[in-house]
Amino acid sequence: MGKGKALRLGVLVSGQGTNLQALIDGISAGRLSAEITVVISNHPDVPALARAQKANVPSRVFQLKDYEHRVHFDEALAEELSKYKVELVVLAGFMHILSKKFLESFPNRIINIHPSLLPENPAADEVALPDGTTSLVFRGANAVERALHAGVKWTGCSIHFVTPDLDRGPVLKRQAVPILSGDTVDSLHARIQEAEHRILPEAIQEYLIRARNGKLKTS
Ligand code: GRF
């Protein structure tokens, strides 16, 4: 990884793309020394693609239904990302579980945003909250809803490396978010997303400093 150059990002999306937008905005504000080289969506006509287009970022659509096996779909994604010499793959609301082979193509170079607090120790099943209590860890789908219904006062978001164990990769950055009385899944998710939009560009900037200083093994 060369010094001083913008980090080459490939951003995988499936929907709204508000986190993609946070990256576009962070780069144009000079808070993030990166370049989004390509945006790939697994659904056509999603708002994330319009955001890429507006920012003049190349975008591509790859749909699982066009491939006989998942592994061929993953191979096509990896090939496309390599074509753009992507250094860090950002899963920004990408609703598809990637194969082990794909993960091995980008060692320590795939990060995900999870809308819940993950523990510092990836093996733990409880996470400490700012009020001194603990919560179960909500990995996988419907994490916002599960935290809301668990009766805890805090949840949050986490940026973590992707490994074959779902939502158990090392955490890069987290932010706790309060659950307020009267919250619905939508109001809570909106508050979590505000935090995501703040910490995602920060986490990537920190990643790039560590990578440039040789503190991360990326091959
Ligand atoms: C985010 O809330 C993220 O935590 C989850 O998917 C959502 C994507 O939102 N993985 P957007 O497409 O970035 O708006």
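Modeller: Here, Ala, Val, Leu, Ile, Met, Phe, Trp, Tyr, Cys and Pro count as nonpolar, Asp, Glu, Lys and Arg as charged, and the others, Gly among them, as polar. Keep in mind that this is a predicted model.

Colleague: How many nonpolar, polar and charged residues does the lining of the largest pocket have?
Modeller: This pocket holds about 1000 Å³ of space. Its lining has 41 residues, with Gly 93, Phe 94, Met 95, Ile 113 and Pro 115 nearest the centre. Sorted by class, the lining comes to 19 nonpolar, 17 polar and five charged residues.

Colleague: Which element gives the most to the lining of the largest pocket?
Modeller: Start with the pocket's volume, about 1000 Å³. The elements giving two or more residues to its lining are α1, β5, α5 (143-149), β8 and α6 (185-212). The top contributor gives four residues, and that element is α6.

Colleague: Which elements give two or more residues to the lining of the largest cavity?
Modeller: The structure holds one cavity of 30 Å³ or more. The largest cavity has a volume of about 40 Å³. Its lining is made by Ser 116, Leu 117, Val 127, Leu 129, Ser 135, Leu 136, Phe 138, Trp 154 and Thr 155. Two or more of the lining residues come from each of β7 (134-136) and β8 (154-161).

Colleague: How many charged residues are in the lining of the largest cavity?
Modeller: Go through the lining by class. Six residues are nonpolar and three are polar. The number of charged residues is therefore read from the class rule for Asp, Glu, Lys and Arg. For this lining it is none: no charged residues.

Colleague: Is Glu 80 buried or exposed?
Modeller: Glu 80 meets Lys 83 in a salt bridge of 3.1 Å, N to O. Both lie in helix α3 (residues 70-83), three residues apart, about one turn of the helix. Lys 83 is exposed at 58%. Glu 80 has a relative accessible area of 7%, under the 20% cut-off, so Glu 80 is buried.

Colleague: Which residues does one network of salt bridges join?
Modeller: By the rule used here, there are twelve salt bridges. One of them pairs Asp 183 with Arg 191 at 2.8 Å, N to O. Asp 183 is buried at 14%, while Arg 191 is partly exposed at 21%. Shared partners make one network out of Arg 60, Glu 80 and Lys 83.

Colleague: Within what arc do the buried residues of α2 fall?
Modeller: In helix α2 (residues 47-54), the buried residues are Ala 48, Leu 49 and Ala 52. They line one face of the helix, because, seen down its axis, they fall within an arc of 100°.

Colleague: Which exposed residues sit on the face of α2 turned away from its buried side?
Modeller: The buried residues of α2 pack against β1 (7-13), α1 (18-28), β2 (34-41) and β3 (59-61). The face turned away from them carries the exposed residues Gln 53 and Lys 54.

Colleague: Which residue takes a positive phi just after α2?
Modeller: Helix α2 covers residues 47-54. Just after α2, a phi of about 60° belongs to Asn 56.

Conventions:
Residues numbered from 1 in each chain as written. Predicted model: local features only at pLDDT ≥ 70, side-chain atom pairs only at ≥ 80, totals over all residues. Heavy atoms only, no water. 1 Å grid on protein atoms, 1.4 Å probe; cavity = no way out; pocket = protein on both sides within 12 Å on 5 of 7 lines; lining within 4 Å. Points joined across faces, edges and corners; volume = space filled by probe spheres on them. Salt bridge = Lys/Arg side-chain N within 4 Å of Asp/Glu carboxyl O. Buried < 20%, exposed > 50% of the residue type's maximum accessible area, 1.4 Å probe, protein only. Arc of directions from axis to C-beta. Contact = heavy atoms within 4.5 Å.
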